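Got your viewer open and ready to click around? Let's take a short tour, one selection at a time.

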Amino acid sequence: MNITLKNINKQFGQFHALSSIDLHVESGELIALLGPSGSGKTTLLRIIAGLEFANGGAVYFGGEDVAATPLRKRQIGFVFQHYALFKHMTVRDNVSFGLRIRKGDARPSKSDIRQRADELLELVQLSGLGDRYPHQLSGGQRQRVALARALAIEPKVLLLDEPFGALDAKVRKELRHWLRELHQKTGVTTLFVTHDQEEALELADRVVIMSGGKIAQIGSVDEVYEQPASPMVFDFLGSTNRIPVERHGNHLVIGTDKIAIYEGDHTGHGTVYVRPGDLRVASPDDVGLDAIVRNVQRTGPIVRATVAINSTGQLVYVEMPHLHHDVQHLLPQQSLRLRLMQYSVYDAENTPDGEDAPEPVLIGRERLRLA
Amino acid sequence: MRLKPKSALPGFHLALGYTLIYLSLIVLIPLAGVFLKTAELGWQEIIDILRSERVLSALSLSFGTALIAAALNAFFGTLVAWVFVRYDFPGKRLFDAMIDLPFALPTAVAGIALTALYAGNGWVGQWLEPLGIKIAFTPVGIIIALLFIGLPFVVRTVEPVMRDLEKELEEAAASLGASRWQTIRLVLLPSLLPSLLTGFALAFARGVGEYGSVIFIAGNLPYVSEIAPLLIVIRLEEFDYAGATTVAAAMLVLAFVMLLVINGLQAWSNRHKVRHQALAQPIQAGGAL
């Protein structure tokens, strides 16, 4: 079932929670709504579900306006961050709730209901725990019960609100893989809300990045990561170095260093956005910045270093895989030449803090591939 | 035998000793006195007293009206708590404070006020009497007084539990296709049942023992509207101490049995709660998630 949102607006008093949201989700897609808290992502999910009502705009399920369809008739599966399991019911009764409450002919026979519940428990890898109560399960198990319960009514759309937010890091990772597999098996159109960019990038077909009640960017994982539409998106999708530059014709000047070239003829201030992982150690005759290593941290597979740019003194962060051959250069007090492998340049000196300040304009992007 | 596992926090023996002495002085010894005094009579005399029609009707009146009033309070008290928890309206805080008034008010004041209202010439009574409905000086009047006295017990025990009920439970039920009524019946009420039973038990216990407010509105006609506590007082005034304590002992046993039953119901409605054993051995199946 595809979903279309047209010009959705939502206000809480004077506060604009959502303004002019347009979105189309294809049938069977797995979509992440990603954004910082207060960006409106949960409100949007709840409006799609029918748990909240928009002040303007329309929601279409498969081309049909669902404004008049109440929550209980929308056939959506909704999974809450804190599970919302019925504590006084066994796991099996929780899962079969949506079937047991059906009336008349729509209600399957008792044995069918039981069989269906057990099938779902097998699907979420909880066979044999049907007679437990929710209190006797771990957090990850509870969330899988909640998912089985939502799937029991054969929803047209599955909506998950920060489904792994209450779980610890390891369980969260395992459940992500598992949800991805489950989505491949069932093919239900799925939207999930998260503030964890890693989760969104790892799980989703497409990512909707939200900020201040608006959609900042919609795109595939590669698109949003490699071509962020704004500094906000750039910042939000991972750690970022922001380096002030002067723009001279077709190159950038940082202190006394000149770095790479791009099309066009520019003057004025600007800011280079570059991810710590997109910095590499280069040979002294390469184009780049001269810097000195201040300190080095080894955090498992990634080595992180803080280096100071010689000409301006600014600190930038560098990340490398621990087996990378450049890691040998990352020793305190070592001088090196930094090469910017991939970066974006915006016209303002810095990201504006005020909400109404104009977004900095993208000047250009560079992406160097090693031969 | 060890009474408790070794704990880093001291104070168990002191606390337990204090509790036992306190309970003995305040509760156990006086109650034992009731049975001792009753025991001055032989079995035959005790049975004769208990089988007399006046005692039987007083006991059944006391327990019957208390049960009916507690049941009505359980329903309406839950409704009141629901309105306080879920909705905002002008004067809410004032109404909220008024709920507690029956706790604080001398019960005789309540009795006199209710009698004035519901008597044949009272504000309410004058409209009901032409319809053939008599409230004051009948068992119905007793129930009204007990409703007044018992309401805060239900409201105040149910309210905090209701406040803690996640709204998401209702949302989850609705998203699964449940109607409002199904959500209330299958999701909300079972979660509230333990606290509802506690409120019911408190209101009932209070109703059985209530004296001050009831004697004004009841009219106190033997066999019709004479409650057991009043009968005890009457026996005392006749210097029939053993007779009084016999009725008292009967009330004590009956009340104890009923509270025991309610406690059992509560344990049953709480059966899904974690037991410590279940906590001690986490269940691992289908991976370590």
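How many residues does the contact take from chain B, and how many from chain A? Select both chains to find out: 27 residues come from chain B and 33 from chain A, where contact means heavy atoms within 4.5 Å.

Before going further, some housekeeping. This is a predicted model, in which local features need pLDDT of at least 70, side-chain atom pairs count only at pLDDT 80 or more, and totals for chains, interfaces and linings use all residues. Residues are numbered from 1 along each chain as its sequence is written, chains are lettered from A and ligands numbered from 1 in the order in which they are written, and side-chain values use heavy atoms, with hydrogens and water left out.

**Stop 1: where the chains meet**

Stay with the two chains. About 2900 Å² is buried between chain B and chain A, 62% of it from carbon and sulfur atoms; buried area is the accessible area (1.4 Å probe) that two parts lose on being put together, summed over both. Two salt bridges turn up across this interface, a salt bridge being a side-chain nitrogen of Lys or Arg within 4 Å of a carboxyl oxygen of Asp or Glu. Now pick K87(A) and E166(B): their side chains form a salt bridge, 2.9 Å from N to O.

Next, colour α9 (167-175) and α10 (180-209) of chain B, the elements that give two or more residues to the side of chain B that touches chain A. Helices here (H or I, at least four residues) and strands (E, at least two) are DSSP runs, numbered from the N terminus. The largest share of that side, seven residues, comes from α9(B).

**Stop 2: chain B by itself**

What you're left with has 14 helices and zero strands, and its C-alpha trace spans about 75 × 60 × 30 Å along its principal axes.

Now select helix α3 (residues 53-86) and helix α13 (residues 241-269) of chain B. Which residues of these two helices meet? From α3(B) come V55(B), L59(B), F63(B) and L67(B), and they meet V247(B), A250(B), M251(B), L254(B), A255(B) and M258(B) in α13(B). By class, this contact has 10 nonpolar, no polar and no charged residues; Ala, Val, Leu, Ile, Met, Phe, Trp, Tyr, Cys and Pro count as nonpolar, Asp, Glu, Lys and Arg as charged, and the others, Gly among them, as polar.

**Stop 3: over to chain A**

Bring chain A back and zoom in on R92(A) and D131(A), whose side chains meet in a salt bridge (2.8 Å, N to O). R92(A) sits in helix α2 (residues 91-100) of chain A, while D131(A) is in the loop between α3 (110-123) and α4 (139-151), 39 residues apart.
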